[in-house]
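Welcome! Take a moment to look over the sequence and the model below, and then we will walk through them together.

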Amino acid sequence: MKLIVGLGNPGRQYEQTRHNIGFHAIDVLADRWNAPLNQTKFNGMYATVHRPEGKALLVKPLTYMNLSGECVRPMMDYFDVPEEDLIVIYDDLDLPPGRLRLRQKGSPGGHNGMKSIVQHIGTRDFDRIRIGIGRPDVPMAITDWVLGRFSEEEAPVMREAAERAADACEAALGRPFIDVMNEFNAK
């Protein structure tokens with residue numbers, strides 16, 4: 001079973017913000033697969049999905065971004081999901097808006113949600129899908145940027161990015177992640 005986690009912050013005030021693009025990608029998958037996230041466990045909303053390619057667990061942690069690991073680790077333990085079957089989708093300031101970058105391991109960089117997950121699961125070796133949100137063109141606090149909403153120009157680009165991230169997750173159910181990574185990073 002794959003554990004597919006989208007990072008974000010719960011609550012209406014954070015909907016459609018840059019930091020919640022991981023949640024948005026999970027919503028895309030939930031809609032495609034007709035699998036509403038209507039179950040809760042370990043401070044996370046989730047849905048279990050049976051696909052022809054394999055079983056998947058879609059998860060949105062409700063811990064707030066900086067504590068994401070507090071949801072992910074217990075989910076992994078309870079559902080007996082090893083690190084190699086974890087996929088985390090999250091925003092990345094260092095990629096242009098809408099650009100995807102898939103990796104099998106790496107440092108969390110400055111992303112506090114990823115730092116929390118690495119701390120709680122004890123390894124950096126797990127699959128991830130980073131979705132670029134870019135950096136602000138004008139001087140401003142990074143927290144204001146990531147918690148801000150997409151501009152009218154950015155919104156369609158980011159919707160498409162969430163769709164492509166969902167496509168990558170679907171592909172990863174039936175193929176080795178390295179193959180999916182090579183395909184999607186080339187686009």
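## Starting in a loop

Let us begin with Y64, which sits in the loop between strand 4 and helix 2. Helices (H or I, at least four residues) and strands (E, at least two) are DSSP runs, numbered from the N terminus. Y64 is not a glycine, yet it has a positive phi of about 75 degrees. Most residues other than glycine have a negative phi. Is Y64 buried, partly exposed or exposed? Its relative accessibility is 42%, so Y64 counts as partly exposed; buried means under 20% relative accessible area, exposed over 50%, and partly exposed in between, using a 1.4 Å probe and protein chains only.

Q16 also has a positive phi without being a glycine, at about 65 degrees. This residue lies in the loop between strand 1 (2–6) and helix 1. Q16 counts as exposed because its relative accessibility is 52%.

## How to read the model

The model is predicted: local features need pLDDT of at least 70, side-chain atom pairs count only at pLDDT 80 or more, and totals for chains, interfaces and linings use all residues. Residues are numbered from 1 along each chain as its sequence is written, and side-chain values use heavy atoms, with hydrogens and water left out.

## A buried proline

P61 belongs to strand 4 (residues 54–61). It counts as buried because its relative accessibility is 1%. Which residues does P61 contact, leaving aside neighbours within four places in sequence? They are V5, G6, L7, G8, F23, N43, G44, S68, C71 and V72, where contact means heavy atoms within 4.5 Å. P61 and T40 are 21 residues apart in sequence, and their C-alpha atoms are 9.5 Å apart in space.

## The nonpolar cores

A nonpolar core is a set of buried Ala, Val, Leu, Ile, Met, Phe, Trp, Tyr and Cys residues joined through side-chain atoms within 4.5 Å. The largest one has 39 residues, and I4, W33, L58, I89, L102 and I129 touch the most other members. Helix 5 (residues 154–174) gives the most to this core, with ten residues. A second, separate core has 20 residues, including V5, M65, V118 and F126.

In helix 3 (residues 112–121), the buried residues are G113, M114, S116, I117, V118 and I121. Their cover includes helix 2 (69–78), strand 5 and strand 7. After helix 3 comes G122, with a positive phi near 80 degrees.

## Two pockets

On a 1 Å grid over the protein atoms alone, a pocket is an open set of points where a 1.4 Å probe fits, with protein on both sides within 12 Å along at least five of seven lines; lining residues have an atom within 4 Å of a point. The largest pocket holds about 530 Å³ of space. Of its 27 lining residues, H19, L93, G110, H111 and N112 are the closest to its centre.

The second largest pocket has a volume of about 300 Å³, a volume being the space filled by probe spheres set on the points, which are joined across faces, edges and corners. Of the 20 residues that line this second pocket, E15, Q16, N20, F23 and D27 are the closest to its centre. Helix 1 supplies the largest share of that lining, four residues.
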